[in-house]
Amino acid sequence: SVESMDPEVPAADSPSTPKKNSLSLSAKLSRSTGIKRKCSYCEAEFGMLKRKRKCKMCDRSYCSDCCSVRACYPLSYGYHTPKWACNECSAQLFSLRTSTGADSPSSSRAKSPIIIEGSYHTCEDGNVHTAFKMADPVCRLFFRFSGMYDGGKFDRSTLQKAMTLNKALVKLPSVGDVSRHFLPVPREISEDSWDLATLYMRPPFVKRKKRKKSKKSKRKKNKAKMNEKVAELKESSLNGTDSANSLTSGSDVDSDSSIAPEFGEISVFVYKPKKMEENEALPVVIWYHGGGFCIGSIEDSMYEMICRTFCNRIRCIVVSVEYRLAPEFKFPYPLEDCYWALLWVYHKGAELFNADVSRIAVAGDSAGGSLSALMCIMSKLRNGPKISHQVLVYPCLANACNDDYESQVTYKNGPLLTRKIMEWFMAQCLGDSSAEPKGLFPLLMEDSVVSDVPPATIINAQHDPLLDHGGEYFQKLQRVGVPVRRSVYSKSIHGFFGSQIGESDEALMDAAVAITNSFCPPEPSQTSCQVTE
């Protein structure tokens with residue numbers, strides 16, 4: 001039979017036949033009999049839609065669905081360019097290249113003028129990917145048409161039209177279920193009375209804890225009520241009023257109605273994975289989208305793709321938050337909206353979509369990365385929900401409109417994210433592009449404030465003004481003893497995460513592996529892999 005002709009076992013009638021001849025003979029026989037080679041994992045036949053790929057870690061052949069990530073290997077493997085890694089080995093690969101004893105960055109692997117010990121740089125060739133070079137002028141023209149410049153008339157409808165067109169052209173990964181939920185948020189937030197460490201007001205979905213009362217206090221309370229009733233009966237008998245009416249008046253009035261505030265409303269998308277059982281409880285990833293606090297939406301195809309990928313790769317529930325945007329809603333509206341979404345998931349997630357609220361991770365890109373870092377700090381200061389992990393994708397952690405960091409000077413004119421567009425973002429969100437409000441920028445906070453936050457994964461693009469923000473925060477968390485790892489993608493620019501261009505898929509898998517390991521820590525044996533010869 002064809003299957004019995006293994007290349008390592010010579011045929012019985014030709015014992016001296018070399019391996020190359022046996023391989024070619026096997027291939028010829030498979031072609032003549034019409035039998036195609038199959039994927040080692042899903043056993044699907046290779047073809048135009050299921051292209052054959054070889055994992056350099058386990059040296060097996062897979063289809064393009066089961067081997068979808070081209071990633072950089074540690075230098076000990078001897079590869080200087082990205083190679084394919086199957087879906088099973090990729091988790092081990094990302095754990096291996098950032099674990100203790102992995103390759104430290106060197107001048108041959110990193111193009112950054114300042115190399116931070118512990119950061120992992122992806123490849124030697126640090127030139128910007130060609131697709132990003134082509135997209136840069138298009139995006140700048142698009143920003144101009146949308147009025148995103150000093151003195152321009154901002155029109156969000158242009159962004160929505162482009163988002164609708166892009167969504168029609170992009171094929172999104174399928175998941176089990178997607179639903180939209182609405183949750184209340186404060187309608188008005190005063191910056192003067194807002195504080196990072198204090199909940200602005202009590203959300204209506206948070207139940208008050210009932211205090212246990214002793215028998216003695218209950219007896220006193222019942223006795224006081226009886227005395228009040230007797231006094232009311234005496235009054236009614238003297239005045240001739242109906243005692244029944246006097247006793248029942250006000251019984252339908254809510255005790256909190258006089259102080260109940262008015263609430264606004266924001267929406268979230270909830271993604272569930274395929275084949276989720278009815279009583280199965282899964283961990284939650286809360287995603288905060290980017291866009292300089294001014295643009296972006298949960299309906300953007302790029303963010304939908306990120307959330308769907310996380311949902312499938314990690315096998316978790318993903319909640320994507322549509323927080324309110326500037327200039328209509330300036331700081332601190334986005335922060336409070338995102339924190340209320342975190343509270344809503346913690347208090348209502350188990351009831352509404354079978355969430356395991358003991359395992360919650362937060363993640364976001366750009367402004368969303370800043371919000372993810374701030375959610376961990378706010379939850380710590382406010383004694384809020386426990387967060388398992390934070391993924392910060394090129395976060396903005398300080399005011400980016402100055403020359404305080406070298407990367408902000410080096411990439412002042414882009415690509416994509418320029419100083420002018422950052423000044424416009426900050427002006428819309430803060431009212432002044434040079435403002436540094438207390439509670440918005442983690443790099444300006446004391447070390448004691450960021451200590452004891454959840455473990456972090458920081459993902460940076462090399463050609464990005466915010467590159468040094470990630471490096472500085474990486475060192476800050478290390479200094480206070482928070483477990484943290486950082487990857488720098490050497491051929492990428494700001495906004496590459498989820499773009500499906502260049503190193504995007506590798507970065508997505510990097511984040512997914514980090515979150516998966518925080519939910520289900522791997523055994524030590526799973527991260528120790530032998531180098532395939």
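Q: Are W194 and F331 buried or exposed?
A: Both are buried: W194 is, and so is F331. Keep in mind that this is a predicted model.

Q: How should I describe the way two rings sit together?
A: A pair of aromatic rings is described by the distance of the centres and the angle of the planes. Here there are 15 aromatic pairs. W194 and F331 make one of them, edge-to-face, with 5.5 Å centre to centre and 75° between the planes. That pair links distant parts of the chain, 137 residues apart: W194 sits in the loop between β6 (177-186) and α5 (215-239), and F331 in the loop between β9 (317-322) and α8.

Q: What is the geometry of the pair formed by F205 and W340?
A: F205 and W340 are edge-to-face, with 6.2 Å centre to centre and 90° between the planes. F205 belongs to the loop between β6 and α5 while W340 is in helix α8, so this pair ties together parts that are 135 residues apart in sequence. Both F205 and W340 are buried.

Q: Which residues form one aromatic cluster?
A: That would be W287, Y303, F310 and F497.

Q: Which residues touch the most other members of the largest nonpolar core?
A: F310 and F497 come up again, along with V285 and Y473; the core holds 140 residues. Helix α8 gives the most to it, with eleven residues. Domain 1 (52-97) and domain 2 (262-519) both contribute residues, so the core lies between them.

Q: What is Y473 in contact with, leaving aside its neighbours within four places in sequence?
A: Y473 is in contact with A373, I377, L392, L397, P442, L443, V450 and I458. Y473 is also one of the buried residues of α13, which include L467, D468, H469, F474, K476 and L477.

Q: How do I check the length of helix α13 (residues 467-479)?
A: Compare the expected span with the distance between the end C-alpha atoms. At 1.5 Å a residue, the 13 residues of α13 should span 18 Å, and the end C-alpha atoms are 19 Å apart, which agrees. Just after α13, take a look at G481, where phi is positive, at about 85°.

Q: Now the charged side chains. What's the idea there?
A: Side chains of opposite charge can pair when their charged atoms come close. The cut-off used here is a Lys or Arg side-chain nitrogen within 4 Å of an Asp or Glu carboxyl oxygen. By this rule, the count is 15 salt bridges. One of them joins D65 and K50, at 2.5 Å from N to O. D65 is in the loop between β2 (61-63) and β3 (69-71) and K50 in the loop between α1 (19-33) and β1 (52-54), so the pair ties together parts that are 15 residues apart in sequence. D65 is partly exposed, with a relative accessible area of 45%, and K50 is partly exposed too, at 27%.

Q: Where do E280 and R315 lie?
A: E280 and R315 form a salt bridge, 3.0 Å from N to O. E280 is in the loop between β7 (263-272) and β8 (282-288) and R315 in helix α7 (residues 301-315), so this bridge ties together parts that are 35 residues apart in sequence. R315 is partly exposed, at 31% relative accessible area.

Q: How many residues apart are E351 and K348 in helix α8 (residues 333-353)?
A: E351 and K348 are three residues apart, about one helical turn. The closest N and O atoms of their salt bridge are 3.2 Å apart. E351 is exposed, at 58%, whereas K348 is partly exposed, at 22%.

Definitions and conventions:
Residues numbered from 1 in each chain as written. Predicted model: local features only at pLDDT ≥ 70, side-chain atom pairs only at ≥ 80, totals over all residues. Heavy atoms only, no water. Helix = DSSP H or I, 4+ residues; strand = E, 2+ residues; numbered from the N terminus. Buried < 20%, exposed > 50% of the residue type's maximum accessible area, 1.4 Å probe, protein only. Core = buried A, V, L, I, M, F, W, Y, C linked by side-chain atoms within 4.5 Å. Domains from an automatic or database assignment. Contact = heavy atoms within 4.5 Å. Expected span 1.5 Å × (residues − 1). Phe/Tyr/Trp six-rings, centres within 6.5 Å; stacked < 30°, edge-to-face > 60°.
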